[in-house]
Amino acid sequence: MIILSAVVFAFIAFYSSSTAAHELKGRLTALVDKNIKEVEYDDGELEIDDDFVSFKNGIHCLIFDQDGAKVSGYSPAGALEREPFQDGVVRSVKVGLEPYLLYDRLVAVTKNKHVWVRGVVPEKGSAVDTAAVYRAVLIAVPLLIVLAAVGGYLIAGRSLQPIKEIGKTAEEIRESGDLSTRIAVDGSGDELNRLAEIFNRMFDRLEENFEVQRRFTSDASHELRTPVSVILAQCEYALEDVSEKEELYELIGAIQKQGYRMSHLIESLLSFTRLEQRTEAYSFEEIDLSALVLSVCREQKESGEKEITLTEEIQPEIVLKADGPLLVRMLENLIRNAYRYGREQGRIRVSLKESGGEIRLTVADDGIGMAEEELSRIWSRFYRVDQSRSRTKGAGLGLGLAMVKQIVELHGGRVEVKSEPRWGSVFTVIFNN
Ligand code: ADP
């Protein structure tokens, strides 16, 4: 600020004094040039018109004859009258310490007679008073610095407010551990507000991940509790009451079954959590969906435990940009459910069609179906319509449909269900192509 103000004042001082000097020269030459027209010889006598101005605005005009003797006029310093003549040149002359501007014009009045007209003006009077400029600088610069400091402090304080807010919120989150806290954003769209929004989005993501982790831990411990207590009970029974080798084998078999169940549960939970958090790298490629559906149907037909007929109606060469293994998992879940909740001697129909840029994949069964009120809940993790019916028919975890939904949404599609108790269910997955 100090340097800048000094530069500005120096510039003003220099510029104003140079323009003042320029203007003074202009006035001096104009007056002299005008006066030379008022001087003439008449019958050998020098005649000066009344219009001759000998003093105006600090400028003195003098007339000298050709021998250099003063004819008329008054000069502020005698030395100025003795200065040699120079036609048409403005020059600076110092008398003592006082600077003056001089300007002479030669006036040829007759063939061999001429006179000199000289203009004299003190240079200092009209030049800018540099001492006054320095005084102004001495007063104005500190004033400007104080104003700039106070103003700068206030403006910086206001513009840094969002940073303080961000710090405060981060501190609050650290202290309380509550990830739902957010920074207040006023929507002005400036950089700091955008930064606050980015932080808020980061908090959203952190909260989401934290919630997924929390749910994983609570789900896992909840789901593992049953098989663990079964294993413990059977171990206790085996240690205390069983002496027969055969019965012991039977108990070990039961314990192994619970072990498999636990391992399957952990495996499913982990893959579901990874899917939910989108932490895995998925490779979306153009895949032949028709061929994929056909091959999954064939595999499921072979492993289907019940006497159920699976028929497929697949429009060939339907291509979708997708992650193949995920789509296989999705379809397997749907067909496995159709078997699991299907009727003995029943039918499952899988169809794949594309029309108007929409791919519809349908898995329909004629099994036990579901009541209307269940349909919105079946997509939640660990939701089973009826614990007893699921457990008895193949130990479902209630993760299958939640996974189907995640996979479909990851591909930008949606999934619908229609079902009626005892008539069966129709699951339709819709992708936009
Ligand atoms: P599960 O592992 O228990 O099958 P899902 O998430 O796959 O879990 O399904 C959730 C619930 O939806 C199941 O408990 C089941 O009762 C019901 N369900 C799923 N598919 C069908 C179907 N095709 N027919 C009838 N009920 C179904």
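How many residues does helix α1 have, and how far does helix α1 reach from its first C-alpha to its last? Helix α1, residues 2–35, has 34 residues and reaches 49 Å, close to the 50 Å expected at 1.5 Å a residue. That expected span is 1.5 Å times one less than the number of residues.

Okay, quick housekeeping. This is a predicted model, where local features need pLDDT of at least 70 and side-chain atom pairs count only at pLDDT 80 or more, while totals for chains, interfaces and linings use all residues. Residues are numbered from 1 along each chain as its sequence is written, and side-chain values use heavy atoms, with hydrogens and water left out. Helices (H or I, at least four residues) and strands (E, at least two) are DSSP runs, numbered from the N terminus.

Staying with α1 for a moment: its buried residues include Phe-9, Ala-13, Ala-20, Leu-24, Leu-28, Leu-31 and Val-32. Buried here means under 20% relative accessible area, exposed means over 50%, and partly exposed is in between, with a 1.4 Å probe and protein chains only. As a reminder, an α-helix has 3.6 residues a turn, so residues three or four places apart point the same way.

Now, salt bridges. The rule is a side-chain nitrogen of Lys or Arg within 4 Å of a carboxyl oxygen of Asp or Glu, and by that rule the count comes to 25. What does Arg-105 pair with? Arg-105 meets Asp-33 in a salt bridge, 2.7 Å from N to O. Arg-105 sits in strand β7 (residues 98–110) and Asp-33 in helix α1, so this pair ties together parts that are 72 residues apart in sequence. Both ends are partly exposed: Arg-105 at 23% relative accessibility, Asp-33 at 26%.

Asp-104 is the one I'd zoom in on. Its side chain meets Arg-91 in a salt bridge at 2.8 Å, N to O. That links Asp-104 in strand β7 with Arg-91 in strand β6 (residues 90–95), 13 residues apart. Asp-104 also meets Arg-118, at 2.6 Å, N to O. Here the partner is in strand β8 (residues 113–122), and the two are 14 residues apart. Buried or exposed, then, for Asp-104? Buried, with a relative accessible area of 0%. Arg-91 is buried at 12%, and Arg-118 is buried too.

There's also a network of salt bridges, linking Glu-211, Arg-214, Arg-215, Asp-219, Glu-276 and Arg-381.

On to the backbone. Most residues other than glycine have a negative phi. Which way does phi go at Phe-382? Positive, about 65°, although Phe-382 is not a glycine. Phe-382 lies in the loop between β13 (358–365) and α10 (387–392), and it is buried, at 13%. Arg-422 also has a positive phi, of about 70°, and is not a glycine either. Arg-422 lies in the loop between β14 (414–420) and β15 (424–432). Arg-422 is exposed, with a relative accessible area of 71%.

Last stop, the surface. Glu-40, Asp-42, Asp-43, Glu-45 and Glu-47 form a negative patch. For patches, the residues need over 30% relative accessible area and no salt bridge, with like charges joined within 9 Å and nonpolar side chains (Val, Leu, Ile, Met, Phe, Trp, Tyr) within 5 Å. Strands β1 (39–42) and β2 (45–48) are the elements that give two or more residues to the patch. Glu-40 is in strand β1 and is partly exposed, at 35%.

Methods:
Accessible areas come from the Shrake-Rupley method with a 1.4 Å probe; for residues, only the protein chains shown count as cover. Lys and Arg count as positive and Asp and Glu as negative; His and the chain ends are not counted. The place of a charge is taken as NZ of Lys, CZ of Arg, CG of Asp or CD of Glu.
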